[in-house]
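Please keep the sequence and the model at hand while reading.

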Amino acid sequence: PVVAGAGASVLAAVLEPNAGGRAIKIAKVTGTEVTWGVELSEGRDESLALDLAASGARATVVWDDIGTEEKRSRIMLASFDVATMRSVTSARPVSSPKVDADSPRLVPRPGGYWLGYIARNEEKKKPAPAAGHGKDKPKKDAPRELDEGREDDDETGEIVTHSWVELMPLDENAAPT
């Protein structure tokens, strides 16, 4: 679980498997009383990255997810009212569709939050050599070029890409400011 303080209460977000992939379930614990609230679809991607923070009367949950028709991971967020544990804003992407974004973190600040996450660009692949050119064909036992047109799931490991941290100020409703 991921936990965050919210006044005299503690909020907890947990991932739970379901028929559509996973769900993010959020609970508020005040003393010995537990109130279950918001439940959000998290998808079927491999990442379990999730964060939660409260600012004022609202709380926000962030995670990374890959849409059904997308190739890149995006940062998703939703906000809810701490008192009622009901949604204020529906789940929506906040990172650019031009970068692969993951590992979101939220930090409360006066009037909202700071959202930080890792962003990566897509490396351009070198074109494959034309068929029939013997000098361009690698020999069976020859070492492969590290980035020559290979996919991330090749047996040689993960492609090295440029990455950076992006920061975004959000208001209490989790809207970018």
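**Strand pairing in a predicted model**

Strand E9 (residues 100-109) and strand E10 (residues 112-120) run antiparallel and are joined by eight bridges. The model is predicted.

- Two residues lie between E9 and E10, which form a hairpin.
- Gly 111, in the turn of that hairpin, has a positive phi of about 85°.
- Across the pair, Gly 112 in E10 is the residue opposite Arg 109.
- E10 also pairs with strand E11 (residues 163-171), in the antiparallel sense and over nine bridges.
- In this second pairing, Arg 120 is found opposite Ser 163 in E11.

- Strand E2 (residues 9-18) runs antiparallel to E3, and nine bridges join the two.
- E2 and E3 make a hairpin, with two residues between the strands.
- Ile 24 in E3 has Leu 15 opposite.
- E3 pairs with strand E4 (residues 33-43) as well, over eight bridges and in the antiparallel sense.
- Lys 25 has Glu 39, in E4, as its bridge partner.
- E3 and E4 form a hairpin that has two residues between the strands, and in this hairpin Gly 31 takes a positive phi near 65°.

**Burial of E3**

- Strand E3 covers residues 21-30, and seven of its ten residues are buried.
- Buried here means under 20% relative accessible area.
- E3 is therefore largely enclosed by the rest of the structure.

**The sheet of E5, E6, E7 and E8**

- Four strands, in the order E5-E6-E7-E8, form an open sheet with antiparallel pairing.
- Strand E5 (50-55) and strand E8 (86-93) are its edge strands, each of which pairs on one side only.
- On average, neighbouring strands of this sheet are turned by 15° against each other, with direction ignored.
- Five bridges connect strand E7 (residues 74-81) with E8, and the two pair in the antiparallel sense.
- Thr 89 in E8 is the residue opposite Ser 79.

Note on methods:
Residues numbered from 1 in each chain as written. Predicted model: local features only at pLDDT ≥ 70, side-chain atom pairs only at ≥ 80, totals over all residues. Heavy atoms only, no water. Buried < 20%, exposed > 50% of the residue type's maximum accessible area, 1.4 Å probe, protein only. Pairing = 2+ DSSP bridges. Axes fitted to C-alpha atoms, helices over the stretch in contact; angles between N-to-C directions.
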